[in-house]
Amino acid sequence: METSGKKHRLKLDPRTDILLLILANVVAFTQRSLWVEIAWVVLLLLLIIACGCEKAAGKLTAAFGICLVLQYFIFPNGPKFLAASFTFLVSYARRIFPCLIVGTLILQKTPVRELMVALRKWHIPQSLIIPLSVTVRYFPALKEETGYIRDAMKLRNIRGIQKLECLLIPMMISATTTAEELSAAAVTRGIENPAPKTSMIVMRFGIHDYIFLVIGVVFCVISMMVR
């Protein structure tokens, strides 16, 4: 049942994800209408739900709703120093929400190998693909190491200020070793080899890719026209 459910989830081409991220940035920093912003965010949230990111969509929806409540209900009716201090911060956080939504989709549902194949199809230089592939793998590996450190602290019943020390020091050491290990693994796999790369991944645009790209372009046009 679980595998059949996964088969029916929407799967976008990695190039579509990258283009949607660019379009999300354009819409985020050109739109001036609240309703255009809300419609764009709702559409992207529905997209990542269709792709299987339900938990992330729930968290992002709650955070976006909090930003709207703060900016349009709390700040206008609250103390002036509160509005003066945090209005810009909340407004900027709202603007980058579409980028966060698409970025979440890329991180959770786009394997690194597919992302690299997509970039090679666009003839992106290896000098950019190599650091990007290492960076994308770096943060999940560091997050996993952090989980191991926290589990070890729970076993030893470490609490209080000592907990901060026991987390930061191993994290700093782990960050260095993880970067070295990932770099060595990439070199071992021949990522620096200048020869043309081959891949068994078949990558092509589907009709749903074109639909979402057209919708993204339409939102870009609307965001520039509606004031």
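The structure is a predicted model, in which local features need pLDDT of at least 70 and side-chain atom pairs count only at pLDDT 80 or more, while totals for chains, interfaces and linings use all residues. Residues are numbered from 1 along each chain as its sequence is written, and side-chain values use heavy atoms, with hydrogens and water left out.

**Overall architecture**

The chain contains ten helices and zero strands; helices (H or I, at least four residues) and strands (E, at least two) are DSSP runs, numbered from the N terminus. Read from the N terminus, the order of elements is α-α-α-α-α-α-α-α-α-α. Along the principal axes, the C-alpha atoms occupy a box of roughly 55 × 55 × 40 Å. Buried residues (buried means under 20% relative accessible area, exposed over 50%, partly exposed in between, with a 1.4 Å probe and protein chains only) make up 34% of the 227 residues.

A contact means heavy atoms within 4.5 Å. Among contacts between residues at least 6 apart in sequence, 78% join residues at least 24 apart. The accessible surface of the chain is about 14,700 Å², and carbon and sulfur atoms account for 68% of that surface. Accessible areas come from the Shrake-Rupley method with a 1.4 Å probe; for residues, only the protein chains shown count as cover.

The chain carries 26 positive and 14 negative charges, whose mean positions are 6 Å apart. In this count Lys and Arg are positive and Asp and Glu negative, whereas His and the chain ends are not counted; each charge is placed at NZ of Lys, CZ of Arg, CG of Asp or CD of Glu.

**Salt bridges**

Side chains of opposite charge can pair when their charged atoms come close. A salt bridge is defined here as a side-chain nitrogen of Lys or Arg within 4 Å of a carboxyl oxygen of Asp or Glu. By this rule the chain has three salt bridges, listed below.

| Acidic residue | Basic residue | Closest N and O atoms |
| Glutamate 114 | Lysine 11 | 3.3 Å |
| Aspartate 13 | Arginine 15 | 3.0 Å |
| Glutamate 37 | Arginine 94 | 2.3 Å |

In the salt bridge between glutamate 37 and arginine 94, distant parts of the chain are linked: glutamate 37 belongs to helix α3 (residues 34–50) and arginine 94 to helix α5 (residues 80–95), 57 residues apart. Glutamate 37 and arginine 94 are both buried.

Lysine 11 and glutamate 114 also form a salt bridge. This pair too links distant parts of the chain, with lysine 11 in the loop between α1 (2–7) and α2 and glutamate 114 in helix α7 (residues 112–121), 103 residues apart. Lysine 11 is partly exposed, at a relative accessible area of 43%, whereas glutamate 114 is buried at 15%.

In the remaining pair, aspartate 13 is buried with a relative accessible area of 4%, and arginine 15 is buried with 10%.

Aspartate 17 lies in helix α2 (residues 14–30). Although buried, aspartate 17 has no salt bridge, and the nearest side chain of opposite charge, lysine 11, is 6.3 Å away. Leaving aside residues up to four places away in sequence, aspartate 17 touches Leu12, Val102, Leu105, Ile106 and Thr110.

**Surface patches**

Patches consist of residues with over 30% relative accessible area and no salt bridge; like charges are joined within 9 Å, and nonpolar side chains (Val, Leu, Ile, Met, Phe, Trp, Tyr) within 5 Å.

A patch of positive charge on the surface comprises Arg150, Lys154, Arg159 and Lys163. Lysine 154 is located in helix α8 and is exposed, at 67% relative accessibility. Arginine 159 sits in the loop between α8 (126–155) and α9 (161–188) and is likewise exposed, with a relative accessible area of 66%.

A patch of negative charge is formed by Glu144, Glu145, Glu180 and Glu181, with α8 and α9 each supplying at least two of the residues. Glutamate 144, in helix α8, is partly exposed at 44% relative accessibility.

A nonpolar surface patch of about 670 Å² is built from Val214, Val217, Val218, Val221, Ile222, Met224, Met225 and Val226. Valine 226 falls in the segment after α10 (207–225) and is partly exposed at 32% relative accessibility.
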